[in-house]
Structures are given as structure tokens and as C-alpha cells.
Amino acid sequence: MPPRPLIAGNWKMNGSSDSTKALLVALLGEIATMRPGCDVVVCPPAPLIPLACQLVRNSPIRVGGQDCHAKPKGAHTGDVSATLLAELGCAVVIVGHSERRADHGETDAQVQAKAAAALSAGLTPIICIGETEADRDAGRTETVVARQLTGSLPPGADMVNAVIAYEPVWAIGTGKTPTFADIERVHTLIRDTFARLKGSATDLRILYGGSVKGSNAADILAVPGVDGALVGGASLEAAEFWKIVSAAPARRAVTS
Ligand code: PEP
């Protein structure tokens, strides 16, 4: 049986104290009426993490960071360590998001070091990979995705302590999505590559990300090999995010 799905909301550089309270109170209200059949994570901007952790305490919602530094501390102005994220109450951290790869020139080696730092701090890294439109048009999707996965996975990662997010860059925030057949093909490639590198990938959660919304979530989450979603824009509105959470098929928990 496939692993329990994970729906993670990436708020990016959006939100305020007021919107965090409103969104999380609304989500907690939904959860009070219907226990989700999947794991639910919200990833606010770093300064909102303590407030988010306080609001979701004793609920099934977990909080994640959007990035972390590879070092536990030091002279790295503006960065946040994985150890601090863990101390604040985060359970996961996104690493290697395509916006960080593009805006900050992050390489696979840097993403690998960040994912290693996350694991050392006891966090689950959500390691993002995905091809650009130019890669896709040139028929390089498989090569790029396999290369990013191989280069971004740290030695200590395994199918239970790490999560992979397949996010075609051209699908992020554009309203465009790959065909279901393309999503299935790339997720199969990721699972096969992971299994070759790590011995097994049966329990690995591979999320799809890129323009997931309430209206397409059920179909995307039903694609074989899709174990959840990383959601950007649609995670900023409680009702829309809840539609995605509700669309996730209920499955067994991943045991570590
Ligand atoms: C993302 O940023 O990870 C993302 C998938 O964004 P969106 O859902 O807005 O396409």
C-alpha cells in the first residue's frame, strides 16, 4: 500500500500575523469537523513560524520552514539554521525550491548540504527538484530530474526520513500542469532512481507541485506514484487549501 499522503502549503513571502491567525484558525475549524486522511504541513515565512507553531499546538497540523542554512550557526546574515527551526517547533523544511535555485543560485551540492543539516536537526527535508520549460522542450526532463535527485540527496536520507517534491518549474504559479501520464512517468523515474541510490523507495513520499488547486487536486493525487502535493498559491486561502487536503486519499502512516 502506498504511504500516507502529505499536503504541504508553501506560503512563500506572503502572510502577516493577522492572515496567519485567520488561515490557521479556519483550518483548525475544518479539522475539528473532519480529521484529514493525510499529513498536513504549513510553511510560513520564518518570522511567522513561532506564531504558527503556537496556533497549531496539539493539532495534526505541522509547521515547516521554507529553507535552512547548511551550518548550525555562524556568520550568515539573513539565514536560518535547521536547528533553530527545530527548536521553534518545525517538523519539516523545504530545501532546493526552484525559486531558491533561481533567485539565490543554489546548486545541488548546496541543497544536499541543507538537506543533511535538516536531517541532523531532526527535521524532514522536502527536497525539491524539477525541470525548466527549456529543459522540457529540449526533451531533458528525465536527465535533469535524475541529476538533481542524485546531487541533492544527502548520504543519511532514506525513504522514510526524507520527502521528494517533483515541481516542474514551468508549472509553478502558472496555472499549467503536466499531463497525468507525464506526472506518473517522472514520479516513477524518481522512485526508481531513489531505490537505486538508497536501496528501497516503496515508502518514499513523492509530492507533486505546480498549480495544484481545489479543482484539480483529486485527479492529480489519484495519479499512481503521487503521494501528496506541495502547494503554493492555493495554500494561502483556507477553503482552497482544505479542498486539496480533503482530496487526498486516506492511507496508512509512514513508520520510522
Ligand atoms: C510552489 O511554489 O512550490 C508551488 C507549487 O506553487 P504553486 O502551487 O503556486 O504553483
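Which helices and strands are included in what covers the buried residues of H10? The cover includes strand E1 (6-10), helix H1 (17-33), strand E2 (39-43), helix H9 (214-221) and strand E8 (228-231). The buried residues of helix H10 (residues 238-247) are Ala238, Glu240, Phe241, Trp242, Ile244 and Val245. Buried means under 20% relative accessible area, exposed means over 50%, and partly exposed lies in between (1.4 Å probe, protein chains only). Helices (H or I, at least four residues) and strands (E, at least two) are DSSP runs, numbered from the N terminus.

This is a predicted model, in which local features need pLDDT of at least 70 and side-chain atom pairs count only at pLDDT 80 or more, while totals for chains, interfaces and linings use all residues. Residues are numbered from 1 along each chain as its sequence is written, and side-chain values use heavy atoms, with hydrogens and water left out.

**Helix packing**

Helix H5 (residues 108-120) packs with helix H7 (residues 141-152) at an angle of about 45°. Their axes are 7 Å apart. Axes here are lines fitted to C-alpha atoms, for helices over the stretch in contact, and angles run from 0 to 180 degrees between N-to-C directions. H5 and H7 are therefore oblique to each other. The classes are roughly parallel under 35 degrees, roughly antiparallel over 145, roughly perpendicular from 65 to 115, and oblique for the rest.

From H5, the residues Asp108, Ala109, Val111, Gln112 and Ala115 take part. They meet Arg147, Gln148, Gly151 and Ser152 in H7. By class, this contact of H5 with H7 has 3 nonpolar, 4 polar and 2 charged residues. Contact means heavy atoms within 4.5 Å. Ala, Val, Leu, Ile, Met, Phe, Trp, Tyr, Cys and Pro count as nonpolar, Asp, Glu, Lys and Arg as charged, and the others, Gly among them, as polar.

**The largest pocket**

The largest pocket holds about 520 Å³ of space. A pocket is an open set of points on a 1 Å grid over the protein atoms alone, where a 1.4 Å probe fits, with protein on both sides within 12 Å along at least five of seven lines; lining residues have an atom within 4 Å of a point. Grid points are joined across faces, edges and corners, and a volume is the space filled by probe spheres set on the points.

The lining has 20 residues. Lys12, Gln66, Asp67, Arg100 and His104 lie nearest the centre of the pocket. By class, the lining residues divide into 8 nonpolar, 6 polar and 6 charged. Helix H4 (residues 98-103) gives the most to the lining, with 3 residues.

Arg100 is found in helix H4. Beyond residues up to four places away in sequence, Arg100 touches Gln66, Asp67, Gly105, Glu106 and Lys114.

**Positive phi**

Most residues other than glycine have a negative phi. Lys12 is not a glycine, yet has a positive phi of about 55°. Lys12 lies in the loop between E1 and H1. Ser211, also other than glycine, has a positive phi near 60°. Ser211 sits in the loop between strand E7 (205-209) and H9. At 15% relative accessibility, Ser211 counts as buried.

Ile220 lies in helix H9. Buried or partly exposed? Ile220 counts as buried, at 2% relative accessibility. Leaving aside neighbours within four places in sequence, Ile220 is in contact with Thr177, Phe180, Ile183, Tyr208, Val212 and Val226.

Leu189 is found in helix H8 (residues 180-198). At 22% relative accessibility, Leu189 counts as partly exposed. Leu189 touches Glu142, Val145 and Ala146, not counting residues up to four places away in sequence.

Ser19 lies in helix H1. Ser19 is partly exposed, with a relative accessible area of 32%.

| Pair | Apart in sequence | C-alpha to C-alpha |
|---|---|---|
| Arg100 and Gln66 | 34 residues | 9.5 Å |
| Leu189 and Thr202 | 13 residues | 13 Å |
| Ile220 and Val56 | 164 residues | 27 Å |
| Ser19 and His76 | 57 residues | 29 Å |
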